[in-house]
Amino acid sequence: MKDEKDEKDAVDAITAQWYAVRPDLETAPMAVFGRIYRIARAMGDAMEQAYARFGISRGEFDVVATLRRSGAPYTLSPRQLSATLMLTTGGMTGRLDKLEKAGLICRKPDPHDRRGLQVTITDQGLALIDEAVTAGLEVQRAALTGLSDEEVKVLTGLLRKLMAGV
């Protein structure tokens, strides 16, 4: 039986190549961030596929999911959505146009601000996002099957700590 420490991956090959030509370099950061990048990319693709079954992209999922997790009445301003998703207002407008056309959200004038709009998830959007978030969690759960519950807990804490320092 192979020990987990004996299993090499593409990032190990890259750092070994760097060691061969530049043994003076400390490549531990490359090993960490190379893996984070590869995991993020692979999971991004997997999530895109999971959400495509519902006729939405990851970006569109993010908009509808943000409205859903905001709680009833599932309404936010385009500015609030943009800030939460770190998107420009132009990028947000394109997503909202597509989601509104699909019947997943609706935009109405803000009753408290004549110049503002409110974005609300529709019943159709609510049903879709509840299914899509479940499908996405199944993909994420499957990706973690090689880790114990304790390892997931430790990894979560380490990633939180790393993210706080970035």
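In which sense do β2 and strand β3 pair, and over how many bridges? The two run antiparallel, with six bridges between β2 and β3 (residues 113-121). Strands here are DSSP runs of E of at least two residues, helices are runs of H or I of at least four, both numbered from the N terminus, and two strands pair if DSSP finds at least two bridges between them. This is a predicted model, in which local features need pLDDT of at least 70 and side-chain atom pairs count only at pLDDT 80 or more, while totals for chains, interfaces and linings use all residues. Residues are numbered from 1 along each chain as its sequence is written, and side-chain values use heavy atoms, leaving out hydrogens and water.

The β2-β3 pairing belongs to an open, antiparallel sheet of three strands, ordered β1-β3-β2. At its edges sit β1 (75-76) and β2 (105-110), each pairing on one side only. Across from K108 stands Q118 in β3.

On to the helices. T15 is part of helix α1 (residues 10-21) and, at 12% relative accessibility, counts as buried (under 20% relative accessible area; exposed is over 50%, partly exposed in between; 1.4 Å probe, protein chains only). Its neighbours beyond four places in sequence are T27, M30 and A31, all touched by T15 (heavy atoms within 4.5 Å).

As for aromatic rings (Phe, Tyr and the six-membered ring of Trp), these pair if their centres lie within 6.5 Å, with planes under 30 degrees apart stacked, over 60 edge-to-face and the rest tilted. The count comes to one pair. The rings of Y51 and F61 have centres 4.0 Å apart and planes at 5°, so they are stacked. Y51 lies in helix α2 (residues 28-52) and F61 in helix α3 (residues 58-69), so the pair ties together parts ten residues apart in sequence. Both Y51 and F61 are buried.
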